[in-house]
Amino acid sequence: MKSLFKLIILIALIICFFIIISGFYEDWLWFKDLGYEILFWKPILSKFIIQLINGSMLFILISAILLSGKHAFTTFYNERFHKKIRLVDEVNLPAITLSHRRVTIFILLVSGIISIIVSFIVGFTGWLDILYFRNSSLFNITDPIFAKDLSFYIFKLPFLLTIYNAFFSPILILTIFTTLFYMVTKVIYFNSFKIWQKEAVVINPSARKHLGILVSILFIIKAFGYYLSTFSLLYSQEGHVTGAGYTDIHATLPAIRISMILCVLAFIILATSIFVKDHRLITISIPLVIALSTLLNSFFPFLVQSLVVIPNELQKESEYIANEIRLTRYAYGLDKIEERDYPGNEPITVSDLEKEIETLNNIRLNDPKSVKQIYTQKQGIKLYYKFNDIDLDRYHINNKYHQIMVSPREISIEDLDPKAQTFINTRFKYTHGFGLAASFPNAVTSEGLPTFAIGNIPPISTHSELLISEPRIYFGELTNDWVVVNTTFKEFDYPQGNDNAENSYQGQTGIALTPLNKFMLSIHRGTPQFYFSKEVTSESKILLHRNILERVKKLAPFLKYDNNPYPVIDEGRIKWFIDGYSTASTLPYSSLYAEHNFNYIRNSVKIIIDAYDGTVDFYIIDHEDPILQTLSKIFPGVFKDIAEMPYTLRKHLKYPETLFKIQAEMLNTFHMTNTKVFYNKEDAWSIAKEFYGTKPQDIEPYYLILRLPGEEEEEFVLMQPFTPASSQNNARNNLIAWLVARMDDVHYGELILYKLPKNIEVSGPLQIESRIDQDPEISRQLALWNQKDSREMRGNQLVIPVGGNFLYIKPIYLQSTTNASIPELVRIIIAYEDKISMSTSIEDALKQIFGSGVPKLSPLGENAIFEIQSPLETETNNLKFEDLIEQIQQIRDMLDDLENQLMDFTDQFLSLEEDDMSIERQ
């Protein structure tokens with residue numbers, strides 16, 4: 001029976017071992033397959049080393065502390081609990097004594113368990129801190145209080161705090177439990193609470209020495225903690241000033257330093273108590289130091305704040321407010337914004353419109369939110385195809401700069417028929433999405449729907465710049481499951497008439513299912529199907545972590561990533577762009593961005609992922625970022641220079657909307673550099689608002705092709721308008737500034753803030769919304785559309801700088817209230833100063849304002865044929881445009897024949913009718 005039990009235990013241990021090691025083995029195969037083994041091994045080795053060092057030091061310290069109290073514990077146990085026991089029949093039992101050997105083993109075991117648990121936590125949470133500490137790069141900017149380089153706060157202080165917490169917390173807990181144990185067991189007991197009297201407390205000599213060692217170590221570690229706290233003051237988010245203010249410098253900092261000195265003195269006194277037979281060194285010094293430290297760190301700063309600062313806060317805090325402004329602007333890149341003046345009230349002439357014709361041609365009419373619904377209905381083809389979101393990019397087409405809305409057509413396994421969601425189908429057959437849909441945001445069809453530039457399956461486009469030679473999407477935003485490729489079972493490509501087009505994966509990535517790999521992956525994935533499925537061969541591969549955000553987060557978890565990747569067509573292949581950010585939360589005096597808990601951010605990395613084979617490349621876009629410089633030292637060879645990125649991809653670099661929104665929000669307050677103005681918030685801004693749909697909301701930053709004031713050519717920019725901050729009693733909605741981010745060629749990353757004169761009032765977007773509602777003609781038409789079976793929807797308002805003034809563009813959509821209806825663009829509203837017009841096109845609306853001399857607009861270029869009208873069923877996977885034209889001509893010929901036949905039939909019918917009428921007359 002015992003042998004069977006041992007066998008069961010052995011089998012269970014073997015199974016647990018393989019379950020654990022199989023996950024480790026799979027990860028190693030995956031990192032190796034992508035060529036990033038350093039990203040696998042370095043974190044593991046770093047965790048192991050910090051766990052080993054921390055665990056060993058902690059084990060030595062805890063075991064030494066506990067062993068120092070071994071004698072007291074053993075003596076107490078033997079004296080109080082293990083006396084001789086005499087039974088009723090007078091049979092004597094031997095006394096059960098606790099040997100020193102047993103106590104030593106027990107102490108070492110407890111020390112080992114505590115050390116392993118603590119070091120395990122420290123290793124997994126602090127592995128990057130030690131690498132930052134050893135490889136730190138300078139910021140070459142010092143803090144204004146201690147004159148330390150900012151790198152100390154980003155790379156060194158977090159590591160020191162990690163070490164402090166790793167030792168202080170377990171020793172504090174150990175001290176508390178030891179003290180309680182001694183009190184409960186009467187090793188320590190109180191005769192009175194007059195602790196200054198020697199007779200008030202009775203302590204066993206061994207226990208006194210033990211507690212002296214424990215508490216002395218605790219106080220010297222706490223002194224180190226107080227030392228670190230002096231630096232933590234500089235990024236504190238408490239009080240009126242972010243970072244150390246007047247009270248922090250003149251009250252809290254001295255209090256912390258005095259507390260640190262008190263802890264050092266307590267350490268010396270308590271260390272002396274080990275050798276001096278007077279327990280009052282312990283019983284008096286401990287509560288005295290705790291009371292003094294508490295009083296100093298709470299009451300003294302409160303007094304200074306109340307009596308000194310509050311009566312004259314601006315004067316006292318000015319110096320520190322200036323620190324907050326300067327370092328917050330640096331932390332969010334606001335210090336690099338170039339400020340320019342913009343008149344805002346220059347009259348716009350027809351000549352100005354002619355100069356800005358390319359800007360007018362590229363005005364966006366379609367909103368991404370409404371377009372997604374249209375894409376789903378017009379280009380979804382099948383229910384299991386999904387468009388996750390709509391992204392905006394730019395392409396040169398026919399030598400013209402065009403904005404393009406684009407969205408990959410991904411496959412959604414959840415939307416397959418439940419009966420079709422078998423293991424074979426979900427893992428072997430439906431493995432990838434196919435192609436993408438793209439449209440021109442500045443043009444619509446006669447039905448008010450987007451003009452498609454790419455559509456159908458296989459994807460069709462009339463432009464060489466948008467042709468796709470490899471449309472398969474194995475890696476995307478919706479590919480959340482692993483699949484097995486290169487099986488004997490052909491993979492589904494797309495529906496083709498009554499049949500399906502099929503294909504097999506030929507990409508370079510994927511883990512080969514060799515016998516060993518198959519065994520380990522079967523364990524980790526919890527499926528025996530790799531063995532039972534005849535479709536799996538030695539050439540088969542498994543594709544893991546196919547969701548592109550999950551993919552990069554697993555590769556490089558030390559970066560933060562934008563949640564909105566965007567696709568690019570690059571030489572016939574679909575590539576994903578992801579923005580990577582380096583962040584920190586310990587930069588001195590920098591205000592915290594609360595939603596994401598950081599106070600420093602840089603868009604330092606651009607990540608490119610191939611949608612077909614999942615290869616990943618990291619490119620450095622910000623060489624000045626010290627955090628990325630440090631990461632490049634830690635992981636050499638991982639990050640490539642942006643110059644190594646192919647030019648065909650560099651043309652599609654976009655300034656990230658997420659970072660731009662963060663900077664715009666911070667700029668609401670931190671555009672004010674005067675401390676008095678900043679303190680009183682006299683010139684605070686807010687993001688301009690609009691009505692979208694039927695509700696007011698902040699205007700989201702929007703991409704434009706725009707010729708900036710003073711520039712020669714149009715460029716792709718990201719724009720955000722601002723209005724003065726408003727309250728319930730003071731709603732000021734006039735336009736006050738606008739911010740743009742440039743991103744073409746050498747201008748990538750440049751930020752320009754255009755400020756309007758403060759002595760004029762320029763209408764803001766929300767004021768334009770009010771004028772739309774107040775205009776009799778427009779409001780009447782809108783009310784007419786908002787009838788029982790339809791509803792009017794307002795699109796995103798665009799504020800377009802033109803000729804020193806602004807045009808305000810507002811698209812109006814009409815949507816039926818019935819199910820499955822899609823919004824159609826029916827009108828465009830344009831406002832300029834006190835004029836407002838509504839028409840079916842931008843050109844006509846401009847003519848209503850500026851007269852018939854308005855230049856002719858051609859959003860898609862002269863004589864351009866762009867539109868892909870609707871999905872076509874194709875009989876071949878290699879359909880050419882010439883074949884399509886031939887088919888269309890054949891259809892036209894058939895229609896002509898039908899028309900001729902219909903005319904002949906009509907003539908015959910009329911002839912018969914005339915004969916009948918003639919007979920009736922007779």
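Biologist: In this predicted model, which residue in S6 does His396 stand opposite?

Modeller: His396 stands opposite Tyr401 in S6.

Biologist: What makes S5 and S6 count as paired strands?

Modeller: Two strands pair if at least two bridges are found between them, and S5 and strand S6, residues 400-408, are joined in the antiparallel sense over seven bridges, so by that cut-off they are a pair.

Biologist: Why is the sheet of four strands called open?

Modeller: The order is S5-S6-S9-S10, with antiparallel pairing; strand S5 (391-397) and strand S10 (450-454) stand at the edges with a single partner strand each, and therefore one side of each has no neighbour in the sheet. Ignoring direction, neighbouring strands here are turned against each other by 45 degrees on average.

Biologist: Which residues of helix H23 are called buried, and how do you know that they line one face?

Modeller: Buried stands for under 20% relative accessible area, and in H23, which spans residues 776-785, the buried residues are Ile778, Leu782 and Trp785. Seen down the axis of H23, these buried residues fall within an arc of 60 degrees, so they line one face of the helix. On the other side of H23, Pro776, Glu777 and Leu784 are exposed, a word that requires over 50%.

Biologist: What covers the buried residues of H23?

Modeller: The cover includes helix H22 (765-774) as well as strands S30 (790-794), S32 (805-816), S33 (824-832) and S34 (835-839).

Terms used:
Residues numbered from 1 in each chain as written. Predicted model: local features only at pLDDT ≥ 70, side-chain atom pairs only at ≥ 80, totals over all residues. Heavy atoms only, no water. Buried < 20%, exposed > 50% of the residue type's maximum accessible area, 1.4 Å probe, protein only. Helix = DSSP H or I, 4+ residues; strand = E, 2+ residues; numbered from the N terminus. Arc of directions from axis to C-beta. Contact = heavy atoms within 4.5 Å. Axes fitted to C-alpha atoms, helices over the stretch in contact; angles between N-to-C directions.
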